[in-house]
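Work through the following exercises with the sequence and the model side by side. Try each task yourself before you read its solution.

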Amino acid sequence: MSTHVSEELSVFEQLESRIADGTAKVGVVGLGYVGLPLISAFTNAGFQCIGFDVDQRKVDALLKGESYIKHIADQTIGEWIEKKMLDPTADMSRLAEADVVLICVPTPLSDTRDPDLKYVTSTTEAIAKVLRPGQMVILESTTYPTTTRDVMVPILEKNASGLKIGEDFFVAYSPEREDPGNADYTAAGIPKVVGGVDEASTKLACDLYSKAIVQVVPVSSAEVAEACKILENTYRSVNIALVNELKTLYDRMGIDVWEVIDAAKTKPFGFQAFYPGPGLGGHCIPIDPFYLSWLARREGMATRFIELAGEVNTNMPHYVITRVAEALNDAGKPIKGSRILILGMAYKKDVDDSRESPSFELMDLLLDRGADVCYNDPYIPELPPKRRYQDLPSLSSVPLSSEYLRAMDCVLIATDHSDYDYDFIVKHSPLVVDTRNATKDVAEGREKIRKA
């Protein structure tokens with residue numbers, strides 16, 4: 001504790017004081033696409049951070065001043081290390097050194113599409129082992145309502161010192177809202193919803209985030225904050241499912257769904273544009289609706305609307321492969337034995353983030369049908385391992401030369417990176433299947449383009 005803080009103050013008041021004067025140490029567990037931007041926000045606000053990750057490779061890279069996330073520069077990491085604003089470690093026993101611990105670990109789905117909270121529970125257990133008076137634990141990972149109170153709190157309450165929640169330590173939930181690759185909104189510039197398991201926890205969490213984030217939105221409970229995150233992403237999932245389903249209908253009718261959307265969004269009220277694609281990707285939107293439908297089943301309800309949207313979005317890679325097969329068939333070729341180049345393994349344009357990317361499902365489906373598959377992605381030089389696609393071959397991004405493109409039977413645009421020269425791609429490719437409307441401005445060779 002700081003020497004200027006009176007020992008007569010309660011642990012709540014001591015932590016409140018350390019947050020107020022910026023001497024509280026912020027621990028961040030999970031140094032990925034959520035954790036590193038969060039560290040950026042807090043170091044910029046003057047807080048020292050301890051970064052925890054079980055992946056020693058990430059820790060070693062940070063210690064050397066190297067970034068593994070495109071939108072955070074090596075120079076930025078180097079400055080954090082040089083100025084001792086960031087102390088990366090894989091030693092979870094050091095969690096006791098942090099005054100506040102922010103949990104930013106993955107929350108994937110199981111093989112049966114149920115919530116998989118093993119990373120949350122293992123992190124919470126590690127914190128409970130070293131929990132000391134005056135610490136606050138905040139979960140940021142996407143999850144279903146009641147996780148913080150019903151899953152995390154019981155683990156923390158089993159701490160060896162018998163510490164009491166709301167008196168000796170504090171717990172809150174604040175959903176991450178990171179949007180990788182979005183230059184307009186950094187972690188510090190996106191309003192933060194905060195809900196504690198009690199009033200004291202809410203107060204301290206709001207105090208903390210208000211030091212580093214543009215706006216703090218307190219809510220009445222951790223459950224409201226958890227439900228807020230689920231609503232945000234289910235909203236997107238349902239609307240994307242709508243345009244994905246319309247795409248399949250309009251395609252059958254010979255209508256370009258992207259032209260329809262561009263026309264509809266000229267209406268200045270009552271319409272927000274969502275766009276179709278080859279499937280859902282990213283760390284939240286493909287997962288959150290299934291968390292909510294699982295929770296509904298647990299409560300004895302059926303969320304038919306949400307589950308239908310999940311079915312539509314999950315089926316989109318299969319629709320794309322059908323369109324590829326039709327396009328190849330028109331050229332007198334089967335999928336089996338055809339050389340197919342997938343453009344883009346990232347889940348969205350201009351990022352190096354491949355979490356839940358539909359491109360992996362596309363590759364898996366093509367390989368199952370006997371295609372000879374390769375890929376190009378300027379942001380993903382090596383195909384990263386995936387829990388769900390462990391049988392995929394180890395591939396590297398191939399060059400986009402005119403010779404390589406001509407040697408393909410089909411080029412499948414799965415991610416519309418801005419780096420791609422679509423005029424060049426269409427000119428030298430015998431067949432292009434476009435799932436993103438990336439070739440909309442290509443003038444020559446349009447007879448080679450198929451929308452999917």
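**Exercise 1. Find the residues with the most contacts inside the largest nonpolar core, and the elements that build this core.**

Solution. Begin with the term itself: a nonpolar core is a set of buried Ala, Val, Leu, Ile, Met, Phe, Trp, Tyr and Cys residues joined through side-chain atoms within 4.5 Å. Buried means under 20% relative accessible area, exposed means over 50%, and partly exposed lies in between, with a 1.4 Å probe and protein chains only. The largest core of this kind has 39 residues, and those with the most contacts inside it are Phe-42, Leu-102, Met-136, Ile-138 and Leu-208. Next, look for the elements that each supply at least two residues of this core: they include the helices H1 (11-21), H2 (35-44), H4 (74-82) and H7 (199-210), and also the strands E1 (26-29), E4 (100-103), E5 (135-139) and E6 (169-173). Helices (H or I, at least four residues) and strands (E, at least two) are DSSP runs, numbered from the N terminus. A second, separate core has 38 residues, among them Leu-117, Ile-155, Val-193 and Trp-294. In soluble globular proteins, nonpolar side chains tend to be buried together.

Before going on, note that this is a predicted model, in which local features need pLDDT of at least 70 and side-chain atom pairs count only at pLDDT 80 or more, while totals for chains, interfaces and linings use all residues. Residues are numbered from 1 along each chain as its sequence is written, and side-chain values use heavy atoms, with hydrogens and water left out.

**Exercise 2. Which residues does Met-136 contact, leaving aside its neighbours within four places in sequence?**

Solution. Contact means heavy atoms within 4.5 Å. With that cut-off, the partners of Met-136 include Leu-15 and Ile-19, then Asp-99, Val-100 and Val-101, then Phe-170, and finally Ser-201, Leu-204, Ala-205 and Leu-208.

**Exercise 3. Is Ile-103 buried or exposed, and what does Ile-103 touch?**

Solution. First locate Ile-103, which is in strand E4. Its relative accessible area is 0%, and therefore Ile-103 is buried. Not counting residues up to four places away in sequence, Ile-103 touches, among others, Val-29, Thr-123, Ile-127, Val-137 and Met-152. Then compare two separations: Ile-103 and Leu-31 are 72 residues apart in sequence, while their C-alpha atoms are 9.8 Å apart in space. Leu-31 lies in the loop between E1 and H2, and it is buried, with a relative accessible area of 1%. Beyond its neighbours within four places in sequence, Leu-31 has contacts that include Leu-36, Phe-52, Lys-58 and Tyr-68.

**Exercise 4. Which residues of helix H6 (residues 147-157) are buried, and what covers them?**

Solution. Go along the helix and pick out the buried positions, which are Thr-147, Thr-148, Val-151, Met-152, Val-153, Ile-155 and Leu-156. An α-helix has 3.6 residues a turn, so residues three or four places apart point the same way. The cover over the buried residues of H6 includes E4, helix H5 (118-130), E5, E6 and helix H8 (222-253).

**Exercise 5. Describe the phi angles and the exposure of Lys-84 and Glu-356.**

Solution. Start from the general rule that most residues other than glycine have a negative phi. Lys-84, in the loop between H4 and strand E3 (86-89), has a positive phi near 60°. At 62% relative accessibility, Lys-84 counts as exposed. Glu-356, which is not a glycine, has a positive phi of about 55°, and it lies in the loop between strand E9 (339-343) and helix H12 (358-368). Its relative accessible area is 29%, so Glu-356 is partly exposed.
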